[in-house]
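Subject: Structure for you to look over

Hello,

Here is the structure I said I would pass on. Please open it alongside this message; my notes follow below.

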Amino acid sequence: MPRASTHLSLRDHLGTLRARIGIARNQYKLNPGLYCVGAPTAESPVFVTANYKLSFDALRQELSGINAWILIVDTRGINVWCAAGKGTFSTDEVALQVNRAHLAEIVSHRELILPQLAAPGVASHELNRKCGFKGRFGPIRAADIQDFLASGNNADDKMRSVTFTLAERLILVPVEIALIWKLFAIITVIIFLVSGIGPELYSVSAALSRGMIAGGATVLAILAGALVTPILLPWIPGRQFWLKGMLTGICAGLAYVSAGKAMSIYDALSLLIWTVAAASYMAMNFTGATPYTSLSGVKKEMKLGLALQCTGMCVALILWIASPFIG
Amino acid sequence: MKDFRYIDDTAILKLNKDLCIGCGNCTTVCPHRIFELHGHKARIVDYNGCMECGACARNCPVEAIYVNPDDGCGCAAYIINSWISRLRGKPVNVCSC
């Protein structure tokens, strides 16, 4: 029986850091099966979680001083909520792991404590029929488990509600930025290439100098959309994310072009439109990180948002190429 | 979650009161606390708080709740990637979160 520590080692923390900045994102799987913390007996509670490092760490860290079983189900290395939404953290999968671990021979009770956010995938009322164990939904956050156990396995409204605090938003920013670096690299190369086009056919010095200016605007737009927007999320007016990103993009773009002296009006206009469109796109992508955006809502906002972002980027690009000829 | 609100009147969520047996599962699993039990029937008290996670429908023993059944989640990157996959004729498995 593998024993899990309730303390994270330096190595665990380094792994967390790597996971959070998106390095080798699909390599944080654990072996499914039964684990233990402390010295559990046949009466000890059984906590179920996903086979994703961050999910497992969040759980075991909160079990210090508790003797318990942890049943890790195979969610292909995906966190509890996303796996439940996709159906890999499912009733069948939980039943399969219960049977595979011969849990009925190890514990005398017949109850599993499931993370509440597994509920989109796990039907508690069907578990009993499939594996002989009843499912009880525990709190959303592992941090509430001690209180949950202390109150006789009951979770209050607060434990059952998702939150989206500043810390919860900030921790998602690095991976959002890491996920677009490939696209960013391609765009940067294109920017440098087109920046050299001018009346004298092609100028390498213009490619470098104008390319730097446009590259700077791109970095700024990414920060406006993927960092500033998440930080200021509750205070930026509007509900739709592409609009929120547009607002931060306008502020960032205006600051950037007004700081750049000796810039033609066409260059300035191009950079402003570019920054607004790119920031809007980045902010729209943050919908996937939030715990409150519905699929219907995101599809709705994307129809107009994506169309305007694409148009804006094309207009900005055309202006940028045309600027040396007309400016 | 009262401090974060998304677009109103878009979520696909229906509760059939006639089928409801008042077990309270939906009130337990909803991460936005949008259900309440009144007597022996569930009631949607904060429809615009719904994010279509589907927990209530999955845990309703009498299938009285209907939530947007489309695959995917409220994530723009996922939706864009699934469009691209569909255009390229590849299976839609485009998200590692």
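**What was found**

Just after helix α4 of chain A, H102(A) has a positive phi of about 50 degrees. Helices here are DSSP runs of H or I with at least four residues, strands are runs of E with at least two, and both are numbered from the N terminus.

Before the rest, two notes on reading the model. This is a predicted model, in which local features need pLDDT of at least 70 and side-chain atom pairs count only at pLDDT 80 or more, while totals for chains, interfaces and linings use all residues. Residues are numbered from 1 along each chain as its sequence is written, and chains are lettered from A and ligands numbered from 1 in the order in which they are written.

**Confidence**

The predictor gives the complex an ipTM of 0.93 and a pTM of 0.92. Chain B has an average pLDDT of 91, with 94% of its residues scoring at least 70; pLDDT is the predictor's confidence in each residue, on a scale from 0 to 100.

**Chain A as a whole**

Chain A contains 14 helices and seven strands. Its radius of gyration is 25 Å, well over the 20 Å that the globule rule gives for 327 residues, so chain A is more spread out than a compact globule. That radius is taken over C-alpha atoms, and the globule rule is 2.2 Å times the number of residues to the power 0.38. Along the principal axes, the C-alpha trace of chain A spans about 85 × 35 × 30 Å.

Of the 327 residues in chain A, 43% count as buried. A residue is buried if 20 or more other C-beta atoms lie within 10 Å of its own, exposed if 12 or fewer do, and partly exposed in between, with C-beta atoms placed from the backbone. Of the contacts in chain A between residues at least 6 apart in sequence, 69% join residues at least 24 apart. Two residues are in contact if their C-beta atoms, placed from the backbone, lie within 7 Å.

**Two domains**

Chain A is divided into domain 1 (10–162) and domain 2 (167–326); these bounds come from an automatic or database domain assignment. The C-alpha centres of the two domains of chain A lie 40 Å apart. Four residues of domain 1 are in contact with six residues of domain 2. The side of domain 1 that touches domain 2 has two nonpolar, one polar and one charged residues. In this classification Ala, Val, Leu, Ile, Met, Phe, Trp, Tyr, Cys and Pro are nonpolar, Asp, Glu, Lys and Arg are charged, and the others, Gly among them, are polar.

L166(A) is in helix α8 (residues 166–170) of chain A. With 12 C-beta neighbours inside 10 Å, L166(A) counts as exposed. L166(A) and P234(A) are 68 residues apart in sequence, and their C-alpha atoms are 9.5 Å apart in space.

**Helices of chain A**

In α2 (residues 53–61), the buried residues include F56(A), L59(A) and R60(A). The buried residues of α2(A) pack against α1 (10–20), β1, β2, β3 and α3 of chain A.

In α4 (residues 91–100), T91(A), E93(A), V94(A), A95(A), Q97(A) and V98(A) are buried. Among the elements they pack against are α5 (103–106), β4 (111–114) and α6 of chain A.

Helix α12 (residues 241–259) has 19 residues and reaches 27 Å from its first C-alpha to its last, close to the 27 Å expected at 1.5 Å a residue; the expected span is 1.5 Å times one less than the number of residues. Buried residues of α12(A) include F241(A), W242(A), M246(A) and Y256(A). The cover over the buried residues of α12(A) includes α11 (204–232), α13 (265–285) and α14 (295–326) of chain A.

**Chain B and the interface**

Chain B has three helices and four strands, in the order β-α-β-β-α-β-α along the sequence. The radius of gyration of chain B is 16 Å, well over the 13 Å that the globule rule gives for 97 residues, so chain B is also more spread out than a compact globule. Buried residues make up 39% of the 97 residues in chain B.

Between the chains, 40 residues of chain A are in contact with 36 residues of chain B. On the chain A side, α3 (80–86), α6 (124–131), α13 and α14 each supply at least two residues. Helix α14(A) gives the most, with eight residues. By class, this side of chain A divides into 17 nonpolar, 16 polar and seven charged residues.

Regards
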